[in-house]
Each structure stands twice: as C-alpha cells, then as structure tokens.
Amino acid sequence: MKLHTFREVVVRKGIGNKWRVVRDRCFKYLLFILSFLGISPLVLIIGYIVVKGLSSMSLRFLFSLPVPVGEKGGGIANAIVGTGILVFVASFFSVPLGVLGGIYLNEYGGYSNRKRWLTYCTRLSVEMLQGIPSIVIGIVVWMWVVLGMGHFSALAGGIALGIMMLPTVVKSTEETLRLVPPSIREGALALGVPYYRVVLRVLIPASKSGILTGILLGIARIAGETAPLLFTAFGNPYFSTDITEPINSLPLLIFNYATSPYEEWHRIAWGASLVLIGFVFLLSLSARFFVSRGTIKKLSVNKSGNSKV
Amino acid sequence: MSGKWKHEMKMKNNGKTNNSTKLKGWIFRVGLITSGCVIVLLLGGMFLSLLGEAFPAIKHNGFNFVTSTVWNPRSESYGAFSFIVGTILTSFIALVLSVPFALAISILLCEYLPEYQNGKIIGVFLRNATDLLAGVPSVIYGFWGLFFISPIVRYFEELLDLPAYGVSILAASIVLAIMILPYSASIGREVIAMVPEELKEAAYALGTTKYETIRRVTLRHSASGIVAGVILALGRAIGETMAVTMLIGNSNILPVNIFRLIFSPGNTMASVIANEFAEATGKLYLSSLIEIGVVLFVLSFVLNVIGKQVIRRFAL
Amino acid sequence: MKVFTDLLRALRRGREREDKLKMSIGRIFLAFGFLMSLIAVPLFARGSRENSDRVEELLGAGATFPYPLYSKMFSEYGKLKGVRINYQAIGSGGGIRQLLSKTVDFGGTDAFMDDKDLAKAKASTNNEILHIPICLGAVVITYNLALNSLNNGLKGKHLRLTPDVIGDIFLGKIKRWNDLRISKLNPGIKFPEIDITVVHRSDGSGTTFVFSDYLSKVNPEWKERIGSGKLLDWPVGIGGKGNPGVAGLVKQIKGSIGYVELVYAVQNKMPYAAIKNSNGNFIIPSLSTVSLAADIDIPEDTRISITNTRAGRGYPISSFTWIIFYKEQHYGGRSLKRAQELLSLLWWMIHDGQKYTGALEYAKLPDTAVRKAETIINSVVYDGKPIRFNR
C-alpha cells in the first residue's frame, strides 16, 4: 500500500519525525535532478553527432575506402576494420593482464600479508598509468616497439592502447571482487574447492558484471583515442589487416578530416564519429546481454521468503 | 599458511592432495604475483625511458623549469609553471564539477532504478547513456565544446566584464568534467549495486528512511570503490589532451587573481606536449617536452599518494 | 528452429550445462589466442621489410598543410602506376624525425631544415638529406569585423595592412581597431571601437614559421623580440589548435584577428587582408599572386624562404613546401627498386602531378623551381652510382 501523505508515512512507518521524511523525499528529487542534468550533455553531444553525421551515412560509406578531396564516394571501411583490429589487440594484451592484476590486488591487498609493498606499488602504478597523457604513452611505445621493429605497425598501436586500457580493467576487477560477499568465498573453501578454483570459478563469475564494465569502459576510451596512434599505428589510406603493417583507425581519420579545410571531409568526419559511438554502443549492449545471464545480482529474499539470487 | 592449507586439503580429500591440483594452484599464485610485477615494471620502464630522454633538458633547465612561465623554444628557455598550474586547476575543477553528478547517477541507478525491476525505461536509458559518454572520441568533445560551451562561457565573461574569449580554463574544465563522468559513475554504480541486501534490510528493519540507509550504510560500504572510481576519473582528467587543447586558449600568461584566472585562457602540460611534439625539432626542445611528461608523472604520483592517505584516514 | 530455441532455453535454464558450455568456449578461446600468438611470431620474424623484392608501398610522413594535395596526388599515382603510397600528416617535425629514424621513405616539411640541422643529420646518419619543393602555400591574415557590416564599408573589400601595422598588432602595441594607423590605411571604413583579440597557433606549425619569418624580415622589433620559428612565445592573444582552431576562434570572437593558410580562408569563406609587399603594392592573396612570389632566383638546393619576395606582383607571405629524402638510397637494406620507385614518384609529382594543385587551392611550382628540383632528383645515387628510373 502506498503511503501518500506525510502523516500516514510518519504514523505507519513509525518514523516520528517528519523532517526525516522530508529529507528523504528531497534527496530523491535531488538525485533525479542531478542525474538528469548530468546526462543532458550526452543528449546534446549525441544529438549533435547524429544530426551532423546522418547525412553521410550509407552502405557505400561503410564499405568503401577513403578517397581524396573532390572525388565522389569516399568511405571509411579501412578505418572501421582498423579500429576493430586495434581494439582486439589492445584487449588481448590488457584483459588477461588487467584481470589477473585486479585479482592479485584483491587477494594480496589485505593488511596482513608480507607481499604488501608490492601490492602498494602495483596499485600506485595502475593509478599513475591512468594519468599519463595518451601522447606520452604513444611516444614511449614508439621508442620501444616502432624503433625496435623498425617500422610502424598495428601491433604497436594495439600495445599503446592496451596500456591505456589497463588501469580501468584492473581497478574495476579489484573493486568488484572486493565486494563479493565473503560468505561465498568461505562457502566454496569450506567445501574443499582448491583456492585457485575458488577464485576462477566462483569469485570471477560473481563479479562478471563489474569486470565487464571495466573492460567496456576501457574499450570505449581507447576506441576514440588519436594521439597514441600517431606514432605507432601511423595510419593507412588502404585496406589492411596485417598487424605488422600501419593501419587506419576511426579516431585518426576523424582527426585528419575534421582539421582539414574541406566541408566534404568534415561531413565524413561526423559520419565516422557516428559510426564510432554506434560501435561502442553496440559492443556495450551485446556484451551486457551475454554476460548478465548467470550473474549473482543480489542476495535477497523474494516474496515467498526464499533466498533469491 | 600453505602448510595449514595442505593439511586441510588432505582432510577434505580423504588424505589425498592431488598433485595436479597443487601444481595448478602454484601456477595460479605465481601468475598473480607475476602480473603485479609486470604492471609495476611497465610503469617503471616507462618512467625510466622518459627520464632518459628528458635528461639533457633536466640538466639544461634546472629548477627554473617548474618556476618560470616563459616557454620559448627559440631562445631555449623552458619554464612549465603555467602548464602545471593549468593542469592542477582544470583537473580539480573538473573533478569537483563531475563527482556530484556521477554519484547521483550511481545511487539513482542502483537504489531507485535497479536492473531487476523491469519496465524502468529511464534506468535502462541512464545506464547505457553513461557508458556511451565514455565512447565519444576526445576530438569530438573538443569540437562540441568549441561550439556549445565556449559561447556560454563567453556570455558570462561579457556579463562579468572580462575579456570575452570563451576559451579558458573554465571551458576546458567543464568539458573535462563531462568526459570523466563515466569513470566515477560506472564504477560507482557497480560497487553500490554489490552492497549486500542484508545490510540494507537490517537498516530498514530498524526504521531508517531510504536516504538514511543510503547515507549511512550503502555509501559507507562502497566508499572505497567510489573513491577508486574518482581517482580513475582524476587520472583521466590530468592526462586528457585533445579536448583540453581545443578549449583552453593556450596562453602562458596567468593573472594572479584566482577568479580571473579561471576565466582566462591557460595551458596544461598534456596539451602542450600534444601540441608541440609533432613539430618539435632539436634535441633540447624534444627533451624539454618529455621533461614535461616527467613532471606530469611526478605530479600524478604525488596526487595519488596524497589521495590514498586521505582515504586511509577517512575510511578507517 | 525448434532445436535452436531448445538450445537457448537449455542454456538459460541449466546452469550446469551452461557452465560446461562456457568452459569449452573458454578453452576454444584460449586455444585461439595461442594460435594467434603462434602466427604472430613468424610474422615478427619476417625481419627487415625493405629486403622484399616486390615494392608495393612507400611510406611518407610530415607536413599537414599539403596533406589534401598529396592524398589526391598519391591516389592518382597509384591508379597510374599501381604503387601504393601511405602519407600521414603528423607534422613537419614528425616527418623530419621519422626520416632520421629511417622509418619512412620520405618526409614532408613546410620549413626547410637549416644548415645546423642538416649538418647534425649528416653527422649522425652519414648521409645527406635533399629537399625538393612540391607546391606553394600562403598565409593570410583573417579577421572578424562583421559587427557593423551594414555601414562600415568593408563588405566585399579586403582590409589593407602594412608589415609594421601587422607586427604591432601581433606584438600587442596596437590594441583597438579604431587605431589611427589602421584607419589611415583604410579610408572610408568605419572601424568599431573594440579591442583587437589576437589569435595565434597553439601548436607548432609551418604556418607560424612562415608568418613569423615574414615578420622578422620586415619588422625589426619583431625580429628582436620574437623572431621566427614554428612555435613562438606570443606576447598577447589566445591560441587555437591547427588552422581550423584559429579559423573557428576568429569566426566566434568579435574583433579578432588571426593568421591561417589561404586554402582555409577560401574554403571557410573568411575575409582576408591585402598586404603591402616590398614593392609598395597592396597584394590580395590568390593562387596566381602566390605563384608569382616564387618566380625569382632560388638556390640550387631549393632551400629558400620566399616571404617578402622581390617579385613585383607576388604575395609577400608565401612559401614552398618540401619533400625530403636521402641522397644515398642504399641504407638500411633498401633495394634499388625501392629507390627507383621513390624517384619516379618525385619526378611525377613535380611534373604531371602539378595539374592537381589548382582544384585544391594550392599554387603550382614555377618553372625555375621545377628545373632545380629535376637536377636534385637526378643527383640521387645508389651505392654511389646514379639511378635509372622511369620518368
């Protein structure tokens, strides 16, 4: 039964002091207002991109190669594929390392272990990695990988992006693992499950959602980064799937075209931006859908008094 | 500890500890520690590489580097003070602006519009919208900011009788705040969602209102996670290049009055590196740019350590 | 269809089954990843790529200014000869750096390397770097005075400026638009009483270099206080990123003045000033006046700044843009074939390639420059011997 008036709430809920109810209501409204305000720039930005980018969308746009100014029928196919490859390479490097790192920080990050200084350093390293400007990461990877290999490559670009993605994955893994109720871990251990299986088969699945959020957040960020790719992946006007070759990517293309003098290229840049956020959006939606099955959402009690997971 | 564990394993498995299990367990533990080491080595390696490249500049510029506001490649005098101030200002203003909103979104999504209550379109919208914000390329943020935020700031500058450029530390901070919102919001959302229902039910059973529960139970429990998200957001703010560089006005002259300072054009370390690296020729010039990177490293280190001390005091 | 839905239902319901399925999926992924890394290793071990006989792709990097022109040229050349060229606009400095690191075949730069840098390069690489000009660009002064567009008489006309006035505006000495010196040059125009907002470049740029090079030649105070370079310590004003950044700021801020490449001003329909050149004529920047500016004697190595040109009808803030490459092409395992491809490309660019300049608002090379460039291309050697290539 809904409690409408203050008096009803105060009497039925036994609250006794109506100001508590007032504060509760105000808080709720404040939350809604702040959230609405917080999300409104997004609506503006997405709206802006959609309005400007829709005019250049077509199948040909998605499947053909870029052409120079003045020619008809330019597309962004190689950039789309390039971004996909770069994201894959970056995830290949950062997801295993990041998830393991997050597990490490959670398992060994307590107060009673002798490994504590290494944990402190790792945690600090992760936070500092997040703060390094993308261009500096690009410069360092240029020094290590490009000069080491002797030429530009998608691999170098992927490594640079992977480094950028790492902190997000580690942090979110650690934090969600930390919040898995200890009863689950202890229950598994009590049943005689070996430690490593407890982590891999019980704890990780329990925090799937959080880990996935971290990965998606990381991918979303790196999918839109230009600076680290300038000296590593370099760019390529042609189609390429070879990771030892330079490769084009959507943000690089957007940057080059948006900073050019031609109205035509500006239009293409907006279309590419639309494709980019569409890509991130689809990735996020589909990944959530597939992972949400079987996640432990809440330990709670449903109406009939049974434990609901 | 491992001795005790082995004993327990023997008890549970009828006195047998499977060898392959032990091996797998050992591999796992070693793997974990290795990953920690790799991450630390990665950062250390980066720092050393940068330091090595920056060394000629460090020798040449000396301490002046962090106190002088003159940045003149032609006369080879490099002073990064205005960039340092710009970075600190923009990051903190952005953080202050964005955290309330991010927190509001996280709490709203978990407490008032949770996933398992079907049919709440607003919830679905809000959840995906936050993640989508992270996916917008920084170049687009820059352009959008130039067309939307900069005129708004210019309008206020005219009202306040200040030179009406529009591009300023404030404009950059506003756009930065929007950019870093997803980081604190998403992670905050995840940790708040994982607060055990029993704790909250217990509070409700004692007669608290929802607000009180959130404030005293939920937030306390997920505090460390929320702060982790905030630190991640701060890191992002410090290192952002493209969007900031289009909105900050790129001027090295800093007014002394803090109020004027926010409304005046400035510069940040990351945007200077991004702007000048491609065209820089000359060993000393390049070296100095990398020295800015080193200073940024150090600044990030200091901020993070301070942040952790604050958390330790606050959480315990 | 029923099988499909059954499977889905089973996946959804049976946690155990799902677990097993996930386990096998996980194992497949692991195996896949392993295989991928196995493939990556031999790819890695392919070693120096220049050793391959078939040359399919040349790499170039550098100046952003000629990027649209180069992308058109390279696309046409590719259609003609089947050679793919990958040029990325990472900036003149980046181009020079990549050439020095030998990660590209040629570099592009708006500002030629000076003697000191060339000597250093020669010492470190034991090889000489050559410059050839490809086309011309110009820097124009653009402004935002659309305030009183009805009556200020500026519509359709170009603002007239002289070197000393320009210098003083950008030095911050002339602060308002209704200054006497500006109105003296532009009789009949009513200037608004507002501050001049200077907009310069925030990033290092060849455009800044050309502009400041010109000002250093014509304004002694500028030469002393600021000098010329790709990145300057501007005494006043705000910075925009790239040409579009400056153009965007000038368009938005009333009473602003800035400098951009001609092609930007034209494409964005912005007004630009007519500038008094060394002969006393007020020259309006255009493709023809820019080409005229280069119609003078240029040195053998083509490294010359043509700002403040002696040419009577030439626009005074014009410049070449160059492509740089090594004289001795046998370095780092490069094949003769690759050198031949490079030279063919360069030869084509200064001859047939020039026909693509006009449509994209770039000024073409005058004949004197083409002759000098030909000589330079012919001087490139492989193992000390001249290279025969398709012209």
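How many residues of chain A are in contact with how many residues of chain B? The count is 99 residues of chain A and 99 residues of chain B, where contact means heavy atoms within 4.5 Å. This is a predicted model: local features need pLDDT of at least 70, side-chain atom pairs count only at pLDDT 80 or more, and totals for chains, interfaces and linings use all residues. Residues are numbered from 1 along each chain as its sequence is written, chains are lettered from A and ligands numbered from 1 in the order in which they are written, and side-chain values use heavy atoms, with hydrogens and water left out.

**Chain A with chain B**

- The size of an interface is often given as the accessible area lost when the parts come together.
- Chain A and chain B bury about 9500 Å² between them. Buried area is the accessible area (1.4 Å probe) that two parts lose on being put together, summed over both.
- Carbon and sulfur atoms carry 77% of that area.
- Two salt bridges are found across this interface. A salt bridge is a side-chain nitrogen of Lys or Arg within 4 Å of a carboxyl oxygen of Asp or Glu.
- Arg20(A) and Glu212(B) form a salt bridge, with their closest N and O atoms 2.8 Å apart.
- Eight residue pairs are in polar contact between chain A and chain B, both residues being at pLDDT 80 or more. A polar contact is a pair of N or O atoms within 3.5 Å; within protein, one must be able to donate a hydrogen and the other to accept it, and residues adjacent in sequence count only if both atoms are side-chain atoms.
- H2(A) gives the most to the side of chain A that touches chain B, with 20 residues. Helices (H or I, at least four residues) and strands (E, at least two) are DSSP runs, numbered from the N terminus.
- By class, this side of chain A has 63 nonpolar, 19 polar and 17 charged residues. Ala, Val, Leu, Ile, Met, Phe, Trp, Tyr, Cys and Pro count as nonpolar, Asp, Glu, Lys and Arg as charged, and the others, Gly among them, as polar.

**Chain C with chain B**

- Here 29 residues of chain C are in contact with 30 residues of chain B.
- The area buried between chain C and chain B is about 2300 Å², and carbon and sulfur atoms give 51% of it.
- The rule finds one salt bridge across this interface. Lys230(C) and Glu279(B) meet in a salt bridge through their side chains (3.3 Å, N to O).
- Between chain C and chain B, 13 residue pairs are in polar contact, both at pLDDT 80 or more.
- Four elements of chain C give two or more residues to the side that touches chain B: helix H4 (92–100), strand S6 (197–201), strand S7 (238–240) and helix H10 (242–252).
- H4(C) gives the largest share of that side, five residues.
- By class, the side of chain C that touches chain B has nine nonpolar, 14 polar and six charged residues.

**Inside chain C**

- Chain C has 14 helices and 13 strands.
- Of its 391 residues, 58% count as buried. Buried means under 20% relative accessible area, exposed over 50%, partly exposed in between (1.4 Å probe, protein chains only).
- Three strands of chain C form an open sheet in the order S5-S9-S10, with mixed pairing. Strand S5 (160–161) and strand S10 (282–283) are the edge strands, each pairing on one side only.
- Two strands pair if DSSP finds at least two bridges between them. S5(C) and strand S9 (residues 274–276) of chain C pair in the parallel sense over two bridges.
- Arg160(C) has Ala274(C) in S9(C) as its bridge partner.

**Single residues**

- Phe36(A) sits in helix H2 (residues 18–53) of chain A. Phe36(A) counts as exposed because its relative accessible area is 59%.
- Phe36(A) and Thr122(A) are 86 residues apart in sequence and 37 Å apart in space, C-alpha to C-alpha.
- Ser153(A) lies in the loop between helix H6 (134–149) and helix H7 (154–178) of chain A. With a relative accessible area of 0%, Ser153(A) is buried.
- Gly266(B) is in the loop between helix H10 (258–263) and helix H11 (269–277) of chain B. Gly266(B) is buried too, with a relative accessible area of 0%.
- Gly266(B) and Leu170(B) are 96 residues apart in sequence but 9.5 Å apart in space, C-alpha to C-alpha.
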